[in-house]
Amino acid sequence: MDITGYFAHPTAVIDNTATIGEGTKIWHFSHIMDNCIIGEKCNIGQNVVVSPKVNIGNGVKIQNNVSLYTGVICEDDVFVGPSAVFTNVLNPRSIIERKDQFRPTILKRGCSIGANATIVCGHVIGEYALIGAGSVVINDVPPYALMVGNPAKQKGWVSKAGWTLEFNQEGFATCPETGETYRLKDGVIELLA
């Protein structure tokens, strides 16, 4: 079904006050809840829940079986792999309502979250960072960082294209796919023009 510029599969449930950008596709059995915002040209996979007040930028891909809970913000061009998990409260209890204790999780532009990764709430995943499949993130992640394991630890750096960067003694590396040059200085990555 094509509704005002986006596609929604007939089994998808879209609440009245959700905002969805042009060119976005929402697939089977997904639920887009009230007051969330989804940008243009996104792909929302099968069995995805986007909770109230979640904000998703343009060009975001959310794979199957992901729930984005209130407090999650995805900037442009984020990739979330299948069955990735997000939390929004640090100490949930079924008998205690803690909706006033939601902690934001910010996925910065271009980062990728691997399949079955868990992102504990209250953290920022930096621009173009890559979280390995099955990793458990319990801290902020720097831009371009490669994180793996439980708990996730930094194992290196990646380019915007997602390739591991090998820095020389002067602190420079080149992406093998794009030829872009990066500089590492004092633990901070800079993409050079």
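Trainee: Is D76 buried, exposed or partly exposed?

Mentor: In this predicted model, D76 counts as partly exposed, because its relative accessibility is 25%, and buried would need a value under 20%.

Trainee: And which residue forms a salt bridge with D76?

Mentor: The partner of D76 is R109, and the closest N and O atoms of the two are 3.6 Å apart.

Trainee: What about R109 itself, buried or partly exposed?

Mentor: R109 counts as partly exposed, as its relative accessibility is 37%.

Trainee: Which residues are linked with R109 in a network of salt bridges?

Mentor: The network links D76, D77 and R109. For the pair of D77 and R109, the closest N and O atoms are 3.1 Å apart. D77 lies in the loop between β13 and β14 and R109 in the loop between β16 and β17, so this pair ties together parts 32 residues apart in sequence. D77 is also described as partly exposed, with a relative accessible area of 37%.

Trainee: How many salt bridges does the structure hold?

Mentor: The structure holds four salt bridges, and one of them joins R183 and E190, with the closest N and O atoms 2.5 Å apart. R183 is partly exposed at a relative accessible area of 30%, and E190 counts as partly exposed at 35% relative accessibility.

Trainee: Switching to the inside, how many residues are in the largest nonpolar core?

Mentor: The largest nonpolar core has 46 residues, and I113 and I125 are those with the most contacts inside it. The elements that give two or more residues to this core are β2 (6-8), β13 and β22 (145-148).

Trainee: What is I125 in contact with, leaving aside its neighbours within four places in sequence?

Mentor: With those neighbours left aside, I125 is in contact with I106, L107, K108, C111, I113, I119, I131, V137 and V141.

Trainee: How many residues are between β22 and β23 in the hairpin?

Mentor: The hairpin formed by β22 and β23 has four residues between the strands, and G149 in the turn has a positive phi of about 100°.

Trainee: Now the rings: how many aromatic pairs does the count come to?

Mentor: The count comes to three aromatic pairs. For F7 and W27, the ring centres are 4.9 Å apart and the planes stand at 50°, so that pair is tilted. F7 lies in strand β2 and W27 in the loop between β5 (25-26) and β6 (31-32), so the pair ties together parts that are 20 residues apart in sequence. F7 is partly exposed, with a relative accessible area of 26%, and W27 counts as partly exposed at 28% relative accessibility.

Mentor: The rings of Y128 and Y144 have their centres 5.6 Å apart and their planes at 20°, so this pair is stacked.

Trainee: One more area, where is T70 found?

Mentor: T70 is found in the loop between β12 (67-68) and β13 (72-74). A polar atom of the T70 side chain lies 2.7 Å from the backbone oxygen of P52. Leaving aside its neighbours within four places in sequence, T70 is in contact with S51, P52, K53, V54, N88 and F102.

Trainee: And where does P82 lie?

Mentor: P82 lies in the loop between β14 (79-80) and β15 (85-86), and counts as partly exposed at 35% relative accessibility. Leaving aside its neighbours within four places in sequence, P82 is in contact with Q63, N64, V66, A115 and N116.

Technical notes. Residues numbered from 1 in each chain as written. Predicted model: local features only at pLDDT ≥ 70, side-chain atom pairs only at ≥ 80, totals over all residues. Heavy atoms only, no water. Polar contact = N/O pair within 3.5 Å; in protein donor to acceptor, adjacent residues only side chain to side chain. Contact = heavy atoms within 4.5 Å. Buried < 20%, exposed > 50% of the residue type's maximum accessible area, 1.4 Å probe, protein only. Salt bridge = Lys/Arg side-chain N within 4 Å of Asp/Glu carboxyl O. Core = buried A, V, L, I, M, F, W, Y, C linked by side-chain atoms within 4.5 Å. Pairing = 2+ DSSP bridges. Phe/Tyr/Trp six-rings, centres within 6.5 Å; stacked < 30°, edge-to-face > 60°.
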